[in-house]
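This report walks through one protein chain, from the whole down to single residues. Keep the sequence and the 3D view side by side as you read.

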Amino acid sequence: MRRQGVITALVAALAGVGAMVAAGLLGGALREQVIPGLSDAGTLTRWGLPLSRFVMEAGGTLTVGVLLGAAVLLPSTRGVLDPQAVRYLRGASWIAAVWAAGAAATLIFTVSDILGLPAGKIVGGSELSSYVGQIPQGTALMFVVLLAALIALLARTAVTPGSAAGLLVVALVALLPPPLTGHSSSSPNHELAISGLAMHIVALSPWVGGLLALVWHATHDGDHLGVAAGRFSRMALWCYVAVGVSGVANVLSRLPDPSLLYTTDYGRLVLVKLALFIVLGIFGYLHRERTLPALMAHNPKGYARPAVTRPPWAFVRLAGAEVLLMAATLGVAVALARTAPPAVNLDEDAVTSMIGFPMPPPITVARLATMWRPDLFFAVLVVVLGGLYAAGVARLRARGDAWPPGRTIAWGVGLLTIVAVTMTGIATYSPVLFSTHMIQHMVLSMLSPILLVLGAPVTLALRALKPAAIRGDRGPREWLTVILHSRALRFIGHPATATVIFVGSTYAVYFTPLFGYLMRAHVGHLAMLVHFLASGSLFFWVLIGVDPTPRKLPYVAKMLLLFVTMPFHAFFGIALMNLGKPLAAGWYTSLHRPWGTSVLADQHTGGSIAWAFGEIPTFIVLIAMVLQWYADDQRLARRLERQADRTAGKTDDELAEYNAYLASLDKRPPSASSSPPQE
């Protein structure tokens, strides 16, 4: 079986390279002709760039898959990784080193291809450092090299599930920078392209890498194969859906005309990838319907080593074929990244190239309500959060447990506020008007978090999630418990830390050059909005959160913290109204907005919004805090009353027993010693 696993890995690599070469020839990336008079990087760069990119992509995917197998798929025992999982961590160290080498080679060949110089001259010259320091694509590749090298070092000593999970998160983050600075950032609708591509990568890598790790585990007679396969199957279904949705978003962002699918090289490669994706879905269905039941019948308990260590041949055969198909899909994806999307004449002006859509008309209340511009990231976020919450409430009700309707309403309204500022006309005008952006900031940091924390999502998850099948293993409920008791959350959830993050980050973003830098790219603007939502949720979780917190404050201290914090937001608004020069002046002046007030006047309007908005969340928090205080006092009074009743009942019982004892003494016959003397 081990020989079969090695053969499967080699064949998969050959299939991926072969698919990449074929797709590269079809798309034109490998059949470029040298134009006389223009510098040519040479054959080494022409073939070395896609090969090194394939090594980088495959290395990253394999690293994610092996770390996923060690941290999630294989069960742990009492917080200690299974010995096989530890061996996989050591293997991930070597794979991450290959990943780092592939990223470094890709960086060198990319500079060689752009400048038209041989790769040897790039290594010995100063062009490489200039590209890394000045071009986002170069910075992104160097970021991958550093993170992959970090994983290679830390995976040598990691032995706990928490450390393995942390390395998995780092690996997923390291996959994102190169594609987000490629074609997606320059597509006609780069908002949709960037969010779709990030979602595509985060979903595809665990799916492909996890299957590769699972096949290797099966062909090497690994323990707990039934459990690992079942967990992977549940995860793969969600990954498949996410990959499909993000793939459609990527196609729509780059090919606005459907005819481009079959009239351009890029479109034809998209069709090839789509066909492979459909076939992968069929393989996944066969796994769930046929091989998984056979595998569990072969090893019913899943956790123990079966009597016959060799897994069913049907599972290995089908999974191996799926691995080959995935490798081919990865090769097509690499070739697709090397193929330029078709040039579409959209009469794109400077504003469209900066914000992804033309300059909107003059702002009105009606346009704020009607000019919707859905954002894929926040749309997926709201759907996922709403769906998981509804599923948790449904599970509680199915088993007869109650869940307060007020919490469900608070959660739903909180999600609606996110929709209101990220997908309506507010999102359309946010990149061009500071005042509209400030509405986004205030709602996401000071209104949505209040409603979300009142929904008590963590408490709902702890009640709805089922414990792991065996004691000591870590399922979703156990992971959530570990996070709640972790030292990192105790530090971040400390009232002082949460307050500094909530207040200090606002001043750090707007009164430093960071705000102008973040506004230049959709990724930066998206990260800023996510930070506002996260920092606000952290702060109000400490103040009025129903969920358990690392440190429970008395209500007097909570009120004091609220009244100390809110004035800082008022000072922030006053400071904006008194500034004599605009923030991010380069960004707003380059838009050349032909309507409305000046950039500085609009900034003063944004300051007044920030100053006035602080009263609304303060009032809501005070009401919630008073109601919680009253409810806690009522619960305490009822508990003390029950204790008093139990104490009184116990006292009455003791008194009754003593009276019965005295009565029994009166009824006893006189003893011989007490009888009168006889004459």
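## The chain as a whole

The chain exposes about 32,900 Å², and carbon and sulfur atoms supply 69% of that area. Accessible areas come from the Shrake-Rupley method with a 1.4 Å probe, and for residues only the protein chains shown count as cover. This is a predicted model: local features need pLDDT of at least 70, side-chain atom pairs count only at pLDDT 80 or more, and totals for chains, interfaces and linings use all residues. Residues are numbered from 1 along each chain as its sequence is written, and side-chain values use heavy atoms, with hydrogens and water left out.

The chain has 30 helices and zero strands. Both are DSSP runs, numbered from the N terminus: helices are H or I with at least four residues, strands are E with at least two. The chain has 679 residues, and 47% of them count as buried. Buried means under 20% relative accessible area, exposed means over 50%, and partly exposed lies in between (1.4 Å probe, protein chains only).

Take the contacts between residues at least 6 apart in sequence: 79% of them join residues at least 24 apart. Contact here means heavy atoms within 4.5 Å.

## Two nonpolar cores

A nonpolar core is a set of buried Ala, Val, Leu, Ile, Met, Phe, Trp, Tyr and Cys residues joined through side-chain atoms within 4.5 Å. The largest one has 75 residues. Y510, F515, L543 and I544 have the most contacts inside it. Helix 26 gives the most to this core, with 12 residues. A second, separate core has 70 residues, including V132, L197, I201 and A242.

Which residues does L543 contact, leaving aside its neighbours within four places in sequence? They are K558, L561, L562, V621 and M625. T618 is found in helix 30 (residues 615-667). At 11% relative accessibility, T618 counts as buried.

Helix 3 covers residues 83-115. Its 33 residues should span 48 Å at 1.5 Å a residue, and its end C-alpha atoms are 49 Å apart, which agrees. The expected span is 1.5 Å times one less than the number of residues. Just after helix 3, G116 takes a positive phi of about 70°.

T106 lies in helix 3. Is T106 buried or exposed? T106 is buried, with a relative accessible area of 0%. Not counting residues up to four places away in sequence, T106 touches L49, S52, R53, M56 and L141.

Helix 17 (residues 405-422) has 18 residues. From first C-alpha to last it reaches 26 Å, close to the 26 Å expected. Among its buried residues are W411, L415, I418 and V421. The cover over the buried residues of helix 17 includes helix 16 (376-398), helix 19 (434-446) and helix 26 (522-544).

A456 is not a glycine, yet its phi is positive, near 55°. A456 sits in the loop between helix 20 and helix 21. H592 also has a positive phi, about 55°, and is not a glycine. H592 lies in the loop between helix 28 (585-591) and helix 29 (599-613).

Their surroundings contrast. A456 is buried, with a relative accessible area of 0%, whereas H592 is exposed at 63%.

## On the surface

L560, V564, F568, F571, I574 and W611 make a nonpolar surface patch of about 590 Å². Patches are made of residues with over 30% relative accessible area and no salt bridge: like charges are joined within 9 Å, nonpolar side chains (Val, Leu, Ile, Met, Phe, Trp, Tyr) within 5 Å. Helix 27 (residues 555-578) supplies the largest share of this patch, five residues. V564 is found in helix 27 and is partly exposed at 45% relative accessibility.

Side chains of opposite charge can pair when their charged atoms come close. How many salt bridges does the structure hold? It holds one. A salt bridge is a side-chain nitrogen of Lys or Arg within 4 Å of a carboxyl oxygen of Asp or Glu. Here the side chains of R399 and D401 meet, at 2.7 Å from N to O. R399 is partly exposed at 44% relative accessible area, and D401 is partly exposed at 30%.
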